[in-house]
Amino acid sequence: MYARRRHVYFAMMGTCIVLFVLAWGVVRIWSVPAAVGLCVVAMLIPPLAAIVANRRGPEDPWWDDPSGDTKSDECWDELDGRKRRR
């Protein structure tokens, strides 16, 4: 799952770079407002790419990570019916 998120992240960032290069290398010759519009679209891609890359999937066991509070971890382990981690 991590590899798929990484591939999607790099595809989105590659698209962002391609949009910037096309906007100011090609499109600005015919239409500056269109080039600015492409840059605005490209500006929105990096935050979305970061969200996609850092999202946890349903198979990621984030709830199994110990919190560091031994008493809380013992209570949760008891509720989950698991043996205490050492």
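Q: In what order do the elements of the protein chain run from the N terminus on?
A: This is a predicted model, to start with. Its elements go α-α-α, and the secondary structure comes to three helices and zero strands.

Q: What makes the span of helix α1 close to the expected one?
A: Helix α1 covers residues 2-30, which is 29 residues, and reaches 41 Å from its first C-alpha to its last. At 1.5 Å a residue you'd expect 42 Å, and 41 Å is close to that.

Q: Where does α1 bend, and by how much?
A: Look at Ala-23: α1 bends there by about 45°. Ala-23 is also one of the buried residues of α1, along with Arg-5, Cys-16 and Leu-19.

Q: What do the buried residues of α1 pack against?
A: They pack against α2, residues 32-54.

Q: Why is the pair of Tyr-9 and Phe-10 called edge-to-face?
A: Two checks settle it. Ring centres have to lie within 6.5 Å to pair, and those of Tyr-9 and Phe-10 are 5.4 Å apart. Planes over 60 degrees apart count as edge-to-face; the planes here stand at 70°, so the pair gets that label.

Q: Why does Tyr-9 count as partly exposed?
A: Its relative accessibility is 27%. Buried would need under 20% and exposed over 50%, so Tyr-9 falls in between.

Q: Is Phe-10 buried or exposed, and how do you know?
A: Phe-10 is exposed: its relative accessible area is 53%, and the cut-off is over 50%.

Q: How far apart are Ile-51 and Tyr-9 in sequence and in space?
A: In sequence, 42 residues separate Ile-51 and Tyr-9; in space the C-alpha to C-alpha distance is 9.1 Å.

Q: And for the protein chain, what share of the residues is buried?
A: Of its 86 residues, 15% are buried. The chain exposes about 6800 Å², with carbon and sulfur atoms supplying 67% of that. As for contacts between residues at least 6 apart in sequence, 43% join residues at least 24 apart.

Conventions: Residues are numbered from 1 along each chain as its sequence is written. This is a predicted model: local features need pLDDT of at least 70, side-chain atom pairs count only at pLDDT 80 or more; totals for chains, interfaces and linings use all residues. Side-chain values use heavy atoms; hydrogens and water are left out. Helices (H or I, at least four residues) and strands (E, at least two) are DSSP runs, numbered from the N terminus. The expected span of a helix is 1.5 Å times one less than its number of residues. The bend at a residue is the angle between axes fitted to the seven residues ending there and the seven starting there. Buried means under 20% relative accessible area, exposed over 50%, partly exposed in between (1.4 Å probe, protein chains only). Contact means heavy atoms within 4.5 Å. Rings of Phe, Tyr and Trp (its six-membered ring) pair if their centres lie within 6.5 Å; planes under 30 degrees apart count as stacked, over 60 as edge-to-face and the rest as tilted. Accessible areas come from the Shrake-Rupley method with a 1.4 Å probe; for residues, only the protein chains shown count as cover.
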